[in-house]
Amino acid sequence: MTNSVTEDQIAAYRRDGFVRIPNIIDKDDASRYAKAALAARDRISDLPADPTFTRVAQVWQQDDTLRELTLSPVLAAAATALAGIPLRLYHDHLLIKEPHNGAATEFHQDQPYWPHLGSRHSLSAWVALVDVPAARGCMTFIPGSHRLDGLRRQDVHDADNLMRVAPQLLWEPRVTVPLRAGDCTFHHAFTAHSAAPNRTDDPRIAHVVVYMDADTRYDPRKRPAGQPLTEVGGVPEGIPFPDDDFPRLP
Ligand code: SIN
Ligand code: NI
């Protein structure tokens, strides 16, 4: 698969740091994946209580139906064409905003969360498994913000957190992107993005696949809080990501 995105979509992504791809999966598949997503959520009894979203991580390793979506060659081909470099899977997660959850996902960039060394490009596919109009918590992006690197990690629970370190973004236009079930957006890992609360009676179900530069190495000095430090003091040249858990794509 090389033609799952057009030249215009690639150009828009590189200019803006995000792009909407309608119908990346068909409606019947979206509805099948939505059912599998709710079942995956319901199988886990001790999910952290966070009003922002219910997060189920690494579904591709737990559920055959959702594995098919995470490893979809169509998604991977689109991501590779947009990034312009070979990619591997970093991780996936379901992000479900429960009905009337009352909490936005506040503006942030993704890359500062990740313990990556020497990354040339990472990006996410945010696939809508149900219709996601603005009222159900669709994504909003700040075009061009993917050129802003080097910021500290930003808190998705704090509405002003990103703007405190990058106040110029307060004055940049924002683009809100409603999606139909089966549509997706791709966003660059440095693109500032947020999602509104879900004000509807139905869950907002997004399946997010995160792709990384196939040659990126793991930097234990930037490990996420709570994860054990595998190498005390870190390894300056980093550690390769094992192919079994971080498969090369497509
Ligand atoms: C969300 O879906 O609420 C946020 C997704 C993201 O931060 O990538
Ligand atoms: Ni994000």
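1. Basis. The model is predicted: local features need pLDDT of at least 70, side-chain atom pairs count only at pLDDT 80 or more, and totals for chains, interfaces and linings use all residues. Residues are numbered from 1 along each chain as its sequence is written, chains are lettered from A and ligands numbered from 1 in the order in which they are written, and side-chain values use heavy atoms, with hydrogens and water left out.

2. Nickel site. His108 (NE2), Asp110 (OD) and His193 (NE2) coordinate the nickel ion (ligand 2) at 2.1 Å; donors are N, O and S atoms within 2.8 Å of the metal (3.2 Å for Na, K and Ca), and sites may look incomplete because water is not among the atoms. The sequence spacing of these donor residues is H-x1-D-x82-H. Asp110, in the loop between strand 4 (105-108) and strand 5 (116-117), and His193, in strand 10 (residues 193-195), are 83 residues apart. Strands are DSSP runs of E, at least two residues, numbered from the N terminus.

3. Ligand 1. The residues around ligand 1 include Phe53, Trp126 and Arg204, a residue being near a molecule if one of its heavy atoms lies within 4 Å of it. Strand 3 (87-97), strand 4 and strand 10 each supply at least two residues of this shell.

Terms used: Helices (H or I, at least four residues) and strands (E, at least two) are DSSP runs, numbered from the N terminus.
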